[in-house]
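Please look over the sequence and the structure before reading on.

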Amino acid sequence: MPVLPDFSAVHARRLLLAAVLLLVIASGVGYDMHRLWQAELLWGYRPLWFLLCGWLGLIGLWQWRKLRKSTTLPSRPLVLSTLSGVLLGIGFPDIVPLPFLLMVAWVPLLLLIEGWKQKEGAKKRELLPYLLHTFMLWNIIATYWVMNTSFAAGLFANLANSLLMCIPFFLFLWTQRYIPKMGYGSLIAYWLTFEHIHLSWELTWPWLTLGNGWAEYPSLVQWYEFTGVFGGGLWIWVINIMLLNILISKKTQAEKQLPLWRQWGKPVVVLVLPMLVSVVMYNSYQQQGDTIDVVLVQPNFEPHYEKFERIKEAEQITRFIALSKPLLDDKVDYLVFPETSYGFAEELDVKSNRSTGRLLEAFSAYPTLKLVTGLNAYHDFLPDEPRTAATRSRNRGGQVIEYEMMNLAAQIPMAPEAAVQTYRKSKLVPGPEKFPFKRILFFMEPLVDALGGTTAGLGIQDKRSAFTSDAAKVAPVICYESVFGDYFAGYIRDGQAQAAFIMTNDGWWDNTAGHRQHLYFASLRAIETRRSIGRSANTGISGFINQRGDISQTTQYNEPIAIRGQMNLNDEVTFYVKWGDLIARTALFLAILLILNTFVKSRLPKE
């Protein structure tokens, strides 16, 4: 490392000044966010600058303290960790459509780790700040918008996820110490296992699964119908590690004289070949099955202050009807409304709800029409009915009623004799819809309630189910559920769904990257399952997605509108639907073997 000149005090003062300036900017942005919150206005991109300036200011103070105690400038590790964090962040969808950056994003961080391993007496705690720095930058740049739902949720999501991302790296360093022959293969296994666990545990947050990074380019990842997004993650890791090996390998004189294409040919082939195969698949794929005629409605009610507080439900239903009617005729099979369009409805008697009655009356001229809508709903338990973890109680006329709330989807036929079908949202958002580790963290219930979360949670169902009719079998996918590839495929395995409707409410994140990323991820679900998707957003982007993942007829953010289109029905089952996240399960199996093997070797006496 370069030695500081006699002006080290000057460098320290400059670094301190820069850190303080960044923290002042973060404080100013935070004050502006508080002012807007009091005025019941949204934050837009302010959380990005608040988090980014705040974090970089803290990093500056940390480096300033190190500079005061040392005569060397610790710039190289910080530059490398910063570079990886930025590449991962801007390589993810939306800021700039450059997922190719993900193919080199890990290299700087891995070079940092290689340099750390060469240090005599290197300690893992020295590495943690740099790993955390990388992952905080990635999380902030890609998912800053979470703070628009809740200030506390945004802070927690970014920090907690960044800390969790450090675990695969420390497991890798532990394994490599005792089983050096595994090389970086163990890191791939541990990382994919981490992503797999993030799909199903209490703090589930699979948004930054590496394979999602290619969501804006469906034509280049058609092979996801075999591998799902974990194939994309494996692809990204393999190329990064191949590039690292080229950079750190000690070449012979003969190897150094080889032409560049011989030295770099393998990673280029591994990068380009899957994309070429995908382009061929994309251009040769034909849409499968008959078609249905669908109308998607985007009512555009701002969710923080308007939808659930200012605007009466009767007015909202009036807008739904006004937007829908001009596009309806006898040929329309489905009319789709977004998540939580109205409520509260009794789960077993949705038709008795007043708003449902208005809709049935308004669309009575179309007896073959099916309305698929999201609802706030409840279910009162019978005296002998088993209770669930989401059980609540209320007093009605001096009698205590036990019940559960749910985020419901319902298929409501206009034909009077036809029955209503319902589906409970079952992949719940940690915090707003379920209280993670409720039995362990019971003492935090008052804090969760104060922050706008729920401690009771919502009622769910064990298996996915499709809505059936004489027209089609469609999967009712509610918001967050569309981020889970294997879960989405379950609508086909369990319910034989031929197409899917995604009902969502993306206005919680304001007009930032979140709602666009959510839209792009739906393209990956279409490719994995080869199912057409109709996406109805309360506020966000609505549109149609075909079986190749192409998005069409997209609406604008903050636009009340209805659109009409056709969707193909497919009965074919892809390899991914049949086998699910096979790559992730294999990685989990390998990770367990590696941990057990490493543990045993760590306990053996040293030779």
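## Aromatic pairs and nonpolar cores

There are 41 aromatic pairs in this structure, which is a predicted model. A pair of aromatic rings is described by the distance of the centres and the angle of the planes. Two of the pairs are listed here.

| Pair | Centre to centre | Angle between planes | Type |
|---|---|---|---|
| Trp207 and Phe521 | 5.2 Å | 65 degrees | edge-to-face |
| Trp223 and Tyr224 | 5.1 Å | 80 degrees | edge-to-face |

Trp207 and Phe521 lie 314 residues apart in the chain, so to speak of their pair is to speak of a link between distant parts. Trp207 sits in the loop between helix H7 (185-197) and helix H8 (224-227), while Phe521 belongs to helix H17 (residues 513-529). Both Trp207 and Phe521 are buried, and Trp223 and Tyr224 are both buried as well. Trp207 and Phe521 also belong to one aromatic cluster, whose members include Phe92, Trp145 and Trp509.

The largest nonpolar core contains 130 residues. Among those with the most contacts inside this core are Trp106, Phe135 and Trp237. Which residues does Trp237 contact, leaving aside its neighbours within four places in sequence? They are Trp106, Leu110, Phe169, Leu187, Ile188, Trp191 and Leu210. A separate second core has 30 residues, including Val295, Phe301, Leu375 and Ala377.

On the surface, Phe226, Phe575, Trp579 and Leu582 form a nonpolar patch, with about 380 Å² of accessible area together. Phe575 is in helix H18 (residues 575-579). Phe575 counts as partly exposed because its relative accessibility is 38%, between the limits of 20% and 50%.

Terms used:
Residues are numbered from 1 along each chain as its sequence is written. This is a predicted model: local features need pLDDT of at least 70, side-chain atom pairs count only at pLDDT 80 or more; totals for chains, interfaces and linings use all residues. Side-chain values use heavy atoms; hydrogens and water are left out. A nonpolar core is a set of buried Ala, Val, Leu, Ile, Met, Phe, Trp, Tyr and Cys residues joined through side-chain atoms within 4.5 Å. Buried means under 20% relative accessible area, exposed over 50%, partly exposed in between (1.4 Å probe, protein chains only). Contact means heavy atoms within 4.5 Å. Patches are made of residues with over 30% relative accessible area and no salt bridge: like charges are joined within 9 Å, nonpolar side chains (Val, Leu, Ile, Met, Phe, Trp, Tyr) within 5 Å. Accessible areas come from the Shrake-Rupley method with a 1.4 Å probe; for residues, only the protein chains shown count as cover. A salt bridge is a side-chain nitrogen of Lys or Arg within 4 Å of a carboxyl oxygen of Asp or Glu. Helices (H or I, at least four residues) and strands (E, at least two) are DSSP runs, numbered from the N terminus. Rings of Phe, Tyr and Trp (its six-membered ring) pair if their centres lie within 6.5 Å; planes under 30 degrees apart count as stacked, over 60 as edge-to-face and the rest as tilted.
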